[in-house]
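User: Hi! I'm new to reading protein models. Could you walk me through this one?

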Amino acid sequence: MDLTHKTLLVIAPHPDDEVLGCGGLIQKVKQAGGNVYVLYLTVGDTQDFSKKGTSTAKERTTEIEKVVRFLGVDGYDIAHNGDHHLKLDVMGQHAVMQTIERKSPVSLEKVMPDIVAFPSLHSYNQDHQLVAQATHAALRPAEAGTKYFVPTAIAYEMPADEWCIQNRPVPNTFVQLNQEEMRIKTQAMKLYVSQMRSFPNPRSLITIEALARLRGSHTAFEFAEGFVGYRVIM
């Protein structure tokens with residue numbers, strides 16, 4: 001696929017999903033003179049199993065600002081406040097679809113992307129599942145003139161997706177990364193200080209690199225990101 005001057009929109013249920021799933025693709029689009037936008041569906045205070053035990057919405061918003069500057073993201077939006085964090089399934093698919101389709105400043109109708117990347121339906125996380133369903137529905141085919149049509153729709157993966165109940169599809173679309181691009185991806189992830197974990201946690205740098213090496217082995221390259229292509233028009 002020729003990424004020259006393409007526009008990429010990444011749908012991220014939470015901050016750091018865009019780096020875990022698309023940190024390399026973001027770089028590739030920017031290197032090719034394109035534009036990248038990220039729609040974060042929700043940010044909020046969270047209790048977790050880190051040593052600190054919590055992360056705050058303010059903390060994670062500050063991390064977002066550092067990451068988008070580092071990667072050169074052209075625009076982003078945090079769509080919903082902390083009341084919806086880890087509760088997007090309670091909000092419902094229709095409300096999230098409206099945000100993705102037209103309500104957000106970086107919605108489909110406003111940025112008119114060539115490529116949309118969204119999370120896997122097969123994640124254990126309820127927000128990821130709901131966002132995958134809502135994005136897939138928002139990307140439905142439509143006749144010209146009724147709504148903006150996105151040519152390429154792909155679902156990104158992350159190491160934690162291996163923990164799933166359903167048999168998830170094997171990636172069929174790959175973005176090859178060299179050592180420098182992989183270094184930048186991991187450096188961007190390090191900026192999400194509140195979300196970093198030690199090995200063998202799936203969010204550890206060792207595990208992130210291991211998945212990239214595995215996908216690289218599938219593409220005769222050192223590193224790669226894997227995606228499920230639902231629609232790829234060239």
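User: Is Y40 buried or exposed?

Analyst: Y40 is buried, with a relative accessible area of 0%. Buried means under 20% relative accessible area, exposed means over 50%, and partly exposed is in between (1.4 Å probe, protein chains only). A word on the source: this is a predicted model, where local features need pLDDT of at least 70 and side-chain atom pairs count only at pLDDT 80 or more, while totals for chains, interfaces and linings use all residues. Residues are numbered from 1 along each chain as its sequence is written, and side-chain values use heavy atoms, with hydrogens and water left out.

User: Thanks! How many aromatic pairs are there?

Analyst: The count comes to 2 aromatic pairs. Rings of Phe, Tyr and Trp (its six-membered ring) pair if their centres lie within 6.5 Å; planes under 30 degrees apart count as stacked, over 60 as edge-to-face and the rest as tilted. In one of them, the ring centres of Y40 and Y76 are 6.0 Å apart and the planes are at 80 degrees, so this pair is edge-to-face.

User: Where do Y40 and Y76 sit in the chain?

Analyst: Y40 is in strand β2 (residues 35–42) and Y76 in strand β5 (residues 75–80), so to speak distant parts of the chain, 36 residues apart. Helices (H or I, at least four residues) and strands (E, at least two) are DSSP runs, numbered from the N terminus. Y76 is partly exposed, at a relative accessible area of 33%.

User: Why is the pair of F118 and Y230 called stacked?

Analyst: Their planes are at 25 degrees, with the ring centres 5.7 Å apart, so F118 and Y230 are stacked. F118 lies in strand β6 (residues 115–118) and Y230 in strand β9 (residues 223–231), so the pair ties together parts 112 residues apart in sequence. F118 counts as buried at 2% relative accessibility, whereas Y230 is partly exposed at 39%.

User: Switching to helices: at what angle do α1 and α7 pack?

Analyst: Helix α1 (residues 17–31) and α7 pack at about 125 degrees, with their axes 9 Å apart. Axes are lines fitted to C-alpha atoms, for helices over the stretch in contact, and angles run from 0 to 180 degrees between N-to-C directions. α1 and α7 are therefore oblique to each other. Angles under 35 degrees count as roughly parallel, over 145 as roughly antiparallel, 65 to 115 as roughly perpendicular and the rest as oblique.

User: And what residues make that contact between α1 and α7?

Analyst: From α1 they include V19, L20 and G23, and from α7 they include E181, I184 and K185. Contact means heavy atoms within 4.5 Å.

User: What about α4, which of its residues are buried?

Analyst: In helix α4 (residues 93–103), the buried residues are V96, M97, T99, I100 and E101. What covers them includes β1 (7–12), β2, β5, α3 (88–91), α5 (108–111) and α6 (126–138).

User: How do α4 and α6 pack?

Analyst: α4 and α6 pack at an angle of about 55 degrees, with their axes 9 Å apart. That makes α4 oblique to α6.

User: Last one: what does T152 touch?

Analyst: T152 touches M1, D114, I115, V116, R231, V232 and I233, not counting residues up to four places away in sequence. T152 is found in strand β7 (residues 152–156) and counts as buried at 3% relative accessibility.
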